[in-house]
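Colleague: Could you take me through how pockets, cavities and buried helices are read from a model such as this one?

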Amino acid sequence: MKTKLLSLTAVFAMTTAAVSAEEVRVYNWSDYIDEELLTKFEEETGLKLVYDVFDSNEVLETKMLAGGSGYDVVVPSGTFLQRQITAGAFQKLDMSQLPNMENMWDVVEARTDQYDPGNLYSINYMWGTTGIGVNVGKVQEVLGEDAPMGSLALIFDPANMEKLASCGVHFLDAPTEMIPAALKYIGQDPDSHDPDVIAMAEPVLMAVRPYVQKFHSSEYINALANGEICVAFGWSGDILQARDRAAEADNGVEIAYNAPSEGALMWFDQMAIPVDAPNPTGAHVFLNFIMDAQNMAQASNYVYYANGNAASKEFLVEDVIGDPAIYPDEATLENLYTTTPYPANVQRTVTRLWTKIKSGT
């Protein structure tokens, strides 16, 4: 074991020396890492880190499929990763440069295998669910003590939404999340690629469209935390961040997150290296750094998302590892669904439908 450790350290040192005069460019989701880790990476490796953010898969995909993104590491969600692998947008990982791969969690790898067979092109960064964030006090004030805060009926029943509009509702600007949720609500297959089934989501979403204040994939965090809105349909960790920001501010806002009882989307954000990455060696150094158990735990402890790193669990704070909204129990896990990429012709239908829903016309 000691000999192995020394050899890995030597390899790491040589790798770092080879790229020390260079930079690593990373493109990740907004509000998605402890920035102290970025400083730590630079200090430990001697590499300069250029770290940019985005807030929708569609923005990232446009860059990836156009080619020449200029980034060394990007973080698409599983369904988008799968389509981009098929399009030849990524290079296979060099496992010899990733000794920390042994830390990864086989349970998560088994699920991400459907997007990246054999997990040859990516590593899991974070995973979570898409569900309902509520300002408990305001929702109960508007809908009563028995408000269905854990059900999709909260956001898809027009009678509820008409009342909630008075305190503010945000939806994700993410058709691949919102349309499956609407289909789940009416008992259809959320992973359907049938245009006739997908079309069934339109009346569900259009019926509540007048009551949605904004479609956005990051602004709801502060809006919930500050009490500016009372409901957000968003990502688990974002809503839990809002909960903790409200608690830290001691502003009287109580935020709760619920994975819908009808079933919630389980998603995976994967780190991958573009096929034309300027610095693929530096990219591997970054991925190996992230897969360090303590570094990965630090990221999860900051953003309140579960990660795909089994070795990190011992370093997770109880608020993370012990929270079933972050690491669900077995029964909840069984009730989660995953989705697969729409074929190109169906994607065009989805894009047109989403444009219509957002515009409300």
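**Pockets, cavities and buried helices**

Modeller: The residues that line the second largest pocket divide into three nonpolar, five polar and four charged, where Ala, Val, Leu, Ile, Met, Phe, Trp, Tyr, Cys and Pro count as nonpolar, Asp, Glu, Lys and Arg as charged, and the others, Gly among them, as polar. This is a predicted model, in which local features need pLDDT of at least 70 and side-chain atom pairs count only at pLDDT 80 or more, while totals for chains, interfaces and linings use all residues. Residues are numbered from 1 along each chain as its sequence is written, and side-chain values use heavy atoms, with hydrogens and water left out.

Colleague: What is the volume of the second largest pocket, and which residues line it?

Modeller: Rolling a probe the size of a water molecule over the atoms shows where empty space is left. On a 1 Å grid over the protein atoms alone, a cavity is a set of points where a 1.4 Å probe fits but cannot get out, whereas a pocket is an open set with protein on both sides within 12 Å along at least five of seven lines, and lining residues have an atom within 4 Å of a point. Grid points are joined across faces, edges and corners, and a volume is the space filled by probe spheres set on the points. Here the second largest pocket has a volume of about 230 Å³, and its lining consists of Ser56, Glu58, Glu61, Thr62, Leu65, Asp173, Pro175, Gln347, Thr351, Trp354, Thr355 and Lys358.

Colleague: Which helix gives the most to the lining of that second largest pocket?

Modeller: Helices (H or I, at least four residues) and strands (E, at least two) are DSSP runs, numbered from the N terminus. The helix α18 gives the most, with five residues, and both α3 (57–66) and α18 (344–359) supply at least two residues each.

Colleague: How many cavities of 30 Å³ or more are there, and what lines the largest cavity?

Modeller: The count comes to seven cavities of 30 Å³ or more. The largest cavity holds about 150 Å³ of space, and of the 16 residues that line it, Trp29, Trp235, Asp238, Asp269 and Tyr305 lie nearest its centre. By class, this lining of the largest cavity has six nonpolar, five polar and five charged residues.

Colleague: And how is the second largest cavity lined?

Modeller: The second largest cavity holds about 110 Å³ of space. It is lined by 13 residues, of which Ser77, Thr79, Leu265, Trp267 and Thr339 are the closest to its centre. Two or more residues of this lining come from each of α4 (78–86), α9 (175–185) and β9 (265–272), and the largest share, four residues, comes from β9. The classes in the lining of the second largest cavity are six nonpolar, six polar and one charged.

Colleague: Why is α4 described as largely enclosed?

Modeller: Burial is judged by relative accessible area, with buried meaning under 20%, exposed over 50% and partly exposed in between (1.4 Å probe, protein chains only). Seven of the nine residues of α4 are buried, so the helix is largely enclosed by the rest of the structure; the buried residues are Gly78, Thr79, Phe80, Leu81, Arg83, Gln84 and Ile85. Their cover includes α3, β4 (122–135), α9, β9 and α18, where contact means heavy atoms within 4.5 Å.

Colleague: Which residues of α3 are buried, and which residues does the opposite face carry?

Modeller: An α-helix has 3.6 residues a turn, so residues three or four places apart point the same way. In α3, the buried residues are Asn57, Leu60, Glu61 and Met64. They cover an arc of only 100° around the axis, which puts them on the same side of α3, the arc being that of the directions from the helix axis to the C-beta atoms. The face turned away from this buried side carries the exposed residues Thr62 and Ala66, and the cover over the buried residues of α3 includes β1 (23–29), β2 (48–54), β3 (73–74) and α4.

Colleague: What does Asn57 touch?

Modeller: Asn57, with a relative accessible area of 5%, is buried, and, leaving aside its neighbours within four places in sequence, Asn57 is in contact with Trp29, Pro76, Ser77 and Phe80.
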